[in-house]
Amino acid sequence: MNQQSLFDDRALTNPLPSRLRPETLEEFVGQKHLLSEGKVLRRLIEQDQATSMIFWGPPGVGKTTLARIIAGRTKSRFVNFSAVTSGIKEIKQVMNEAEGSRLMGERTILFVDEIHRFNKAQQDAFLPFVEKGSITLIGATTENPSFEVNAALLSRCKVFVLQPLAVEDLKQLIEIALKSPKGFGSQQVEIGEDMLFALASFANGDARVALNTLEMVVLNSDTGGECVVVTKEIVEQCISQKSLLYDKNGEEHYNIISALHKSMRNSDVDAAIYWLARMLEAGENPLYVARRLIRFASEDVGMADSRALEIAVAAYQASHYIGMPECNVNLAHAVTYLALAPKSNKLDAAYNAAKTDALTMLSEPVPLVIRNAPTRLMKELNYGKGYQYAHDTNDKLTNMQCLPDSLLGRKYYQPTTQGNEAKVKARMEQIEEWKRQHSEPGAKD
């Protein structure tokens with residue numbers, strides 16, 4: 001193994017994340033859902049059987065590192081390609097070289113960083129070479145590949161979703177950096193457990209942020225003799241925020257998200273905005289908060305104001321597009337709307353009631369009248385016989401039976417009179433009255 005010279009400028013000037021980049025799976029921290037013993041991705045890497053794949057995940061979770069680990073283990077020709085600096089000309093050159101290698105019996109693995117930056121024409125240039133096996137494509141992207149990668153290319157790739165690193169993973173990474181000769185292992189760094197946790201929490205799932213912040217903290221700390229003493233004040237200055245009482249994976253996490261949820265349910269705008277700020281300023285992932293708001297919109301507002309779901313989804317999209325700190329006002333917008341909206345939990349109650357019946361009556365047959373009959377045999381078995389097409393009626397209603405016999409008359413959704421749900425209630429009562437008046441099967445208005 002090559003050793004770094006004390007006079008090698010790169011050993012002194014390379015950023016800490018670069019110096020500590022793992023070279024083996026054993027050194028890799030996080031992504032246990034993909035890399036634990038027996039997992040598909042780990043087996044593909046260990047057995048040098050990489051197929052075309054895309055690593056999708058936020059920055060700093062190990063996409064490029066995994067590609068480099070594959071490069072270190074494979075017997076194939078490995079080409080590193082950047083979507084930022086390369087165009088069609090460079091793509092064609094690499095593809096032609098790969099085709100030549102294939103004819104000589106050598107595989108080529110092509111790693112494309114930030115593949116979402118390629119336009120459609122550039123991505124199309126890869127397709128024929130992926131199809132005939134000239135290259136095994138490995139792409140890395142921070143964007144949803146369903147939207148950013150051509151469907152034809154995406155269909156030939158296995159997508160592996162990399163998650164933000166857990167606080168425990170980041171804390172482990174920081175501890176490795178403090179002990180490793182490639183990090184601060186040659187120095188005696190004194191740093192408290194609470195400060196390690198603060199650094200890991202601040203990084204918000206990003207290993208690069210965690211290590212860069214650690215480096216800043218150590219380099220700006222006082223040296224007492226041979227020991228570097230990291231103080232809470234230095235940590236707070238470097239992360240530009242106070243350490244709030246908030247553990248993103250512990251009890252306080254659930255206490256505060258519960259406080260936000262219940263404050264909105266109680267229509268207490270000020271309390272809801274306060275608990276939102278407590279989470280965001282302590283480093284909570286804004287997308288986690290946004291997901292909880294989407295759930296709240298249907299669980300606690302529901303049909304009383306269906307726009308609540310639109311607002312919550314829009315807040316998620318805004319948070320995804322611009323991130324923190326700018327998205328804090330988007331989330332505050334949604335929280336305020338949800339807190340002030342009329343409330344109804346009847347959708348949640350309806351689903352839970354239907355779920356109970358569904359789980360206890362899994363074998364209930366679908367009524368013949370609403371079954372499809374695509375084949376002659378099905379028609380002979382009376383599939384779809386007597387089906388009434390609602391659009392053919394004047395009122396766009398029929399009295400056709402859609403529930404199984406054993407559940408006839410069951411009412412799951414019981415609307416309130418809150419907000420727009422009052423209109424929903426009136427409409428449901430109108431439908432029930434129509435059905436009472438048209439009790440004969442097949443009757444039309």
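# Questions on a predicted model

Student: What share of the residues in this predicted model is buried?
Tutor: The protein has 445 residues. A residue counts as buried when its relative accessible area is under 20%. The share of residues that are buried is 43%.

Student: How many helices and how many strands does the protein have?
Tutor: Both kinds of element are present in the model. The count is 21 helices and eight strands.

Student: What percentage of the contacts with a separation of 6 or more joins residues 24 or more positions apart?
Tutor: A contact means heavy atoms within 4.5 Å. Among contacts with a separation of 6 or more, those between residues 24 or more positions apart account for 71%.

Student: How much of the accessible surface belongs to carbon and sulfur atoms?
Tutor: The accessible surface of the protein comes to about 24700 Å². The part that belongs to carbon and sulfur atoms is 52%.

Student: How far apart are the centres of the positive and negative side chains?
Tutor: There are 51 positive side chains and 55 negative ones. The centres of these two sets are separated by 7 Å.

Student: Which residues touch the most other members of the largest nonpolar core?
Tutor: In soluble globular proteins, nonpolar side chains tend to be buried together. The largest nonpolar core here has 52 residues. Those touching the most other members are Leu41, Phe55, Leu66 and Leu214.

Student: Which residues are in contact with phenylalanine 55, leaving aside neighbours within four places in sequence?
Tutor: Phenylalanine 55 belongs to the largest nonpolar core. Its contacts include Lys63, Gly139 and Thr141. Also on the list are Leu41, Leu66, Ala67, Ile70, Ile138, Ala140, Phe160 and Leu162.

Student: How many residues are in the second, separate core?
Tutor: The second core includes Leu260, Leu280, Leu293 and Ala339. Its number of residues is 28.

Student: Is aspartate 357 buried or exposed?
Tutor: Aspartate 357 sits in helix H19, residues 346-360. Beyond residues up to four places away in sequence, aspartate 357 touches Leu407, Arg410 and Tyr412. Its relative accessibility is 11%, so aspartate 357 counts as buried.

Student: What separates the C-alpha atoms of tyrosine 337 and alanine 308?
Tutor: Tyrosine 337 is in helix H18, residues 328-340, and counts as partly exposed at 24% relative accessibility. Leaving aside neighbours within four places in sequence, tyrosine 337 is in contact with Asp305, Arg307, Ala308 and Ile311. Tyrosine 337 and alanine 308 are 29 residues apart along the chain. Their C-alpha atoms are separated by 7.2 Å.

Student: Is the peptide bond from methionine 324 to proline 325 cis or trans?
Tutor: Most peptide bonds are trans. Proline 325 lies in the loop between helix H17 (307-322) and H18. Omega of the bond from methionine 324 to proline 325 is near 0°, and the bond is cis.

Student: What is phi of glutamine 31?
Tutor: Most residues other than glycine have a negative phi. Glutamine 31 is in the loop between helix H2 (16-19) and helix H3 (32-35), and is buried with a relative accessible area of 5%. Its phi is positive, near 55°.

Student: Where is lysine 396 found?
Tutor: Lysine 396 has a positive phi of about 60° although it is not a glycine. With a relative accessible area of 46%, lysine 396 is partly exposed. Lysine 396 is in the loop between H20 and H21.

Student: How far apart in space are glycine 386 and methionine 400, C-alpha to C-alpha?
Tutor: Glycine 386 is in the loop between helix H20 (376-380) and helix H21 (421-437). Glycine 386 is exposed, with a relative accessible area of 51%. Glycine 386 and methionine 400 are 14 residues apart in sequence, and in space the distance is 8.6 Å.

Student: Which residues are in contact with isoleucine 370, leaving aside neighbours within four places in sequence?
Tutor: Isoleucine 370 is in the loop between H19 and H20, and counts as partly exposed at 30% relative accessibility. The C-alpha atoms of isoleucine 370 and methionine 400 are separated by 8.7 Å. The contacts of isoleucine 370 are Met400, Gln401 and Cys402.

Note on methods. Residues are numbered from 1 along each chain as its sequence is written. This is a predicted model: local features need pLDDT of at least 70, side-chain atom pairs count only at pLDDT 80 or more; totals for chains, interfaces and linings use all residues. Side-chain values use heavy atoms; hydrogens and water are left out. Helices (H or I, at least four residues) and strands (E, at least two) are DSSP runs, numbered from the N terminus. Buried means under 20% relative accessible area, exposed over 50%, partly exposed in between (1.4 Å probe, protein chains only). Accessible areas come from the Shrake-Rupley method with a 1.4 Å probe; for residues, only the protein chains shown count as cover. Lys and Arg count as positive and Asp and Glu as negative; His and the chain ends are not counted. The place of a charge is taken as NZ of Lys, CZ of Arg, CG of Asp or CD of Glu. A nonpolar core is a set of buried Ala, Val, Leu, Ile, Met, Phe, Trp, Tyr and Cys residues joined through side-chain atoms within 4.5 Å.
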